[in-house]
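Let's walk through a protein model together, one step at a time. Have the sequence and the 3D view ready, and look for each residue as it comes up.

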Amino acid sequence: MSIEYSTLDVEASRRFDYWNDVVCRTCIPAASRQLAEGPFNGQLTVQPVGSVDISAMSAPLHLWSRDAYHLRIRSEDDLWIGYMRSGNAVLNQEGREVVLDDGDLTLYDAARPFIAKLTAKTIFLVRFPRTSLLQRFPAAERMTALHLNCRKPAVTPLRLMIEQAADMDFQKQRPGAAEQVSSTLLDLLGIALEFQSNVKELSAERDLFCSLVAYIKRNFLDPDLCLELLAHANHVSTRTVTRAFAKHNMTAMSMVWQLRLEASHRAIKEGRSRNVTEAALEHCFSNVSHFSQAFRKAYGYAPHTLLRSR
């Protein structure tokens, strides 16, 4: 179910403060500054789509700045797509500047500082889980603040699916439809980034990382899976495995535990796990208390809450 926010219901003198609070809570914490004169008329609609969130924003000229202070007070680990449907924006990140006009898309990283100035009739801000995107295209983090060339494969279908998903009422769709759409959005973005990049330069690193990720995805429910076993199966040292994942700001075992949590969430939601203890043990968590804490941290609610909502 989408959530809508509008400054039109707020006293004119308080509108921008309200806007700052809403965007920081629903998107990314950052400092903001109004650049347009007069009352600030902004609207934001947030649509959860499986593991992806799509925010549709309409707002006059204003600026956002995320710096080291904001990274400390609330860490964010997601990668975002900005799709300017109508309007213009300038984004600075990692020493690069990209100008967005109608129809343009760019990738930006919530875990790094950035400055963005925008005025938009409609801009879609789409949150993608970092690990899920890196599984599809390991070099995604290198491609922030760059135009996605719409003449390359998958960019046009990605734009269209973002627009369609933002307007869908998933409560009227079959169970699992939102998860399928979010997976398709991730696939399209992964393909789009793949064809934007220098394939030859990144091929060796990508091949190793993809092999490691593929092995983890096949074997994450093996209770004996560890760094040493992963390295041995891929004929490299544990140090090489650690370096490969460090380039993507993660560890191999953090991916293993994330996949186990995701699988446990699906098992509870679909009724395949009858209670919390069963969900924990079937997904390699020997300590039920630790499982519940990790589950709450990942999803914002305890596993027994999801059990009751079925």
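Start at Glu270, which is exposed, with a relative accessible area of 53%. Keep in mind as you explore that this is a predicted model. Glu270 has a charged partner: it forms a salt bridge with Arg272, and the closest N and O atoms are 3.0 Å apart. Arg272 itself is partly exposed, at a relative accessible area of 48%.

Side chains of opposite charge can pair when their charged atoms come close. How many salt bridges does the count come to? The count comes to 14 salt bridges. Some of them share partners, and in this way Asp77, Glu94, Asp109, Arg112, Arg130 and Glu141 are joined into one network.

Arg112 and Glu94 form a salt bridge in which the closest N and O atoms are 3.5 Å apart. This pair links distant parts of the chain, 18 residues apart: Arg112 is in the loop between strand S7 (105-109) and strand S8 (114-129), while Glu94 is in the loop between S5 and strand S6 (96-100). Is Arg112 buried or exposed? Arg112 counts as buried because its relative accessibility is 18%, under the 20% cut-off. Glu94, at 44%, counts as partly exposed.

Stay with Glu94 for a moment, as its backbone deserves a look too. Most residues other than glycine have a negative phi, and most peptide bonds are trans. Glu94 is not a glycine, yet it has a positive phi of about 55°. Asn249 is another residue other than glycine with a positive phi, near 55°. You will find Asn249 in the loop between helix H8 (238-246) and helix H9 (252-269), where Asn249 is exposed, with a relative accessible area of 53%.

The side chains of Glu163 and Arg85 meet at 3.1 Å, N to O. Here, too, distant parts of the chain are linked: Glu163 belongs to helix H4 (residues 155-167) and Arg85 to strand S5 (residues 78-93), 78 residues apart. Glu163 is partly exposed at 22% relative accessible area, and Arg85 is partly exposed at 39%.

Next, turn to the nonpolar residues. In soluble globular proteins, nonpolar side chains tend to be buried together. The largest nonpolar core here has 52 residues, and those that touch the most other members are Ile54, Ile81, Ile162, Leu193, Ile216 and Phe245. Which helix gives the most to this core? It is helix H5 (residues 177-196), with nine residues. A second, separate core has 30 residues, including Tyr5, Phe16, Val46 and Met84.

Zoom in on Ile162. Leaving aside neighbours within four places in sequence, Ile162 is in contact with Ile54, Ile81, Tyr83, Leu105, Phe124, Val126 and Leu185.

Finally, follow helix H5 from end to end. Its 20 residues should span 28 Å at 1.5 Å a residue, and the end C-alpha atoms are 29 Å apart, which agrees. An α-helix has 3.6 residues a turn, so residues three or four places apart point the same way. With that in mind, trace the buried residues of H5, among them Ala178, Val181, Ser182, Leu185, Leu186, Leu189, Leu193 and Gln196.

Conventions
Residues numbered from 1 in each chain as written. Predicted model: local features only at pLDDT ≥ 70, side-chain atom pairs only at ≥ 80, totals over all residues. Heavy atoms only, no water. Salt bridge = Lys/Arg side-chain N within 4 Å of Asp/Glu carboxyl O. Helix = DSSP H or I, 4+ residues; strand = E, 2+ residues; numbered from the N terminus. Buried < 20%, exposed > 50% of the residue type's maximum accessible area, 1.4 Å probe, protein only. Core = buried A, V, L, I, M, F, W, Y, C linked by side-chain atoms within 4.5 Å. Contact = heavy atoms within 4.5 Å. Expected span 1.5 Å × (residues − 1).
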